[in-house]
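Trainee: I'd like to learn how to read a structure like this one. Can we go through it feature by feature?

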Amino acid sequence: MRYNVIRKMDISNGEGIRVSIFVQGCSFNCQGCFNPETHDFNGGKEFTKETLSTLLKLCDKPMIKGLSILGGEPLHSANVNEVFHIVKTFKEKFPNKDIWLWTGFQYEDAIKDLKRKMIIDELDYLVDGRFVENKKNLKLKWAGSDNQRCIDIKKTKEKGEIVLYE
């Protein structure tokens, strides 16, 4: 897997002060995407064991509430193995911190794929759906267009139906 950037202190991608990683590669190529530089699968930098170590060290501070994973497309088949390794390792090391992930896949479709479902099961919050230019809404806190949802994964699993983050 490749990644575009790691933000050491991010306050715009999830609740609280977070560490964010933007994975490289996306085949959706949504018109008006705020991150087109992450679309090329050959761009960015290689994600290595050292990168994971750095990511975890950045998260190991009391003021860091959690990890945010964006892209590119974290749930693309080229990224799922490494993203799963990241979320699994993070949750083992920081069980009291949360993980947010943004994807162009709809939750209902993503969970049909075993690898994607394994990632989603480790998350706390999932922002799903492709960005749609003519549904752009600058008033949304965690999404860019009205069709996107911020899903509370734990409550969704408990209830057996989609529960949106409040």
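Trainee: Is Asn29 buried, exposed or partly exposed?

Mentor: Buried means under 20% relative accessible area, exposed means over 50%, and partly exposed is in between, using a 1.4 Å probe and protein chains only. Asn29 has a relative accessible area of 44%, so Asn29 is partly exposed. Asn29 is found in the loop between β2 and β3. Its phi is near 45°, which is a positive value in a residue other than glycine. Keep in mind that this is a predicted model, where local features need pLDDT of at least 70 and side-chain atom pairs count only at pLDDT 80 or more, while totals for chains, interfaces and linings use all residues. Residues are numbered from 1 along each chain as its sequence is written, and side-chain values use heavy atoms, with hydrogens and water left out.

Trainee: On to cysteines. How many disulfides are there?

Mentor: A disulfide is a covalent bond between the sulfur atoms of two cysteines. The search counts a pair of cysteine sulfur atoms within 2.5 Å. Over the whole structure, it finds zero disulfides. Cys26 is in no disulfide, and the nearest cysteine sulfur, that of Cys30, is 6.1 Å away. Cys26 is buried, at 8% relative accessible area, and Cys30 counts as buried too, at 17%.

Trainee: Which residues of helix α1 are buried?

Mentor: Helix α1 covers residues 49–59, and its buried residues are Thr51, Leu52, Leu55, Leu56, Leu58 and Cys59.

Trainee: What covers the buried residues of α1?

Mentor: For that we use contact, meaning heavy atoms within 4.5 Å. The cover includes β1, β2 (18–23), β3 (45–46), β4 (66–70) and α2.

Trainee: And which residues are buried in α4?

Mentor: In α4, residues 114–122, the buried ones are Arg116, Ile119, Ile120 and Glu122. They cover an arc of only 160° around the axis, which puts them on the same side of α4. Their packing partners are α2 (80–93), β5 (98–102), α3 (107–110), β6 (125–128) and α5 (153–159).

Trainee: What caps the N-terminal end of α4?

Mentor: Here we need the polar contact, a pair of N or O atoms within 3.5 Å; within protein, one must be able to donate a hydrogen and the other to accept it, and residues adjacent in sequence count only if both atoms are side-chain atoms. Asp113 does the capping: a side-chain oxygen lies 3.2 Å from the backbone nitrogen of Lys115.

Trainee: Which polar contact joins the side chains of Asp10 and Ser20?

Mentor: That one is 2.7 Å. The side chain of Asp10 also reaches the backbone nitrogen of Ser12, at 2.9 Å. Asp10 lies in strand β1, residues 2–10, and is buried, with a relative accessible area of 2%.

Trainee: Last topic: rings. How many aromatic pairs are there?

Mentor: Rings of Phe, Tyr and Trp (its six-membered ring) pair if their centres lie within 6.5 Å; planes under 30 degrees apart count as stacked, over 60 as edge-to-face and the rest as tilted. The count comes to eight aromatic pairs. Phe90 and Phe94 have ring centres 5.1 Å apart and planes at 50°, so this pair is tilted. Trp100 and Trp102 are stacked, 5.8 Å centre to centre with 20° between the planes. Ring pairs also link Trp100, Trp102, Tyr125, Trp142 and Tyr165 into a cluster.

Trainee: Where does the charged end of Lys97 sit?

Mentor: A charge sits over a ring if NZ of Lys or CZ of Arg is within 6 Å of the ring centre and within 35 degrees of the ring normal. The charged end of Lys97 sits over the ring of Phe94, 5.1 Å from its centre. Arg116 lies over the face of Phe105, at 4.0 Å from the ring centre.

Terms used. Helices (H or I, at least four residues) and strands (E, at least two) are DSSP runs, numbered from the N terminus. The arc is that of the directions from the helix axis to the C-beta atoms.
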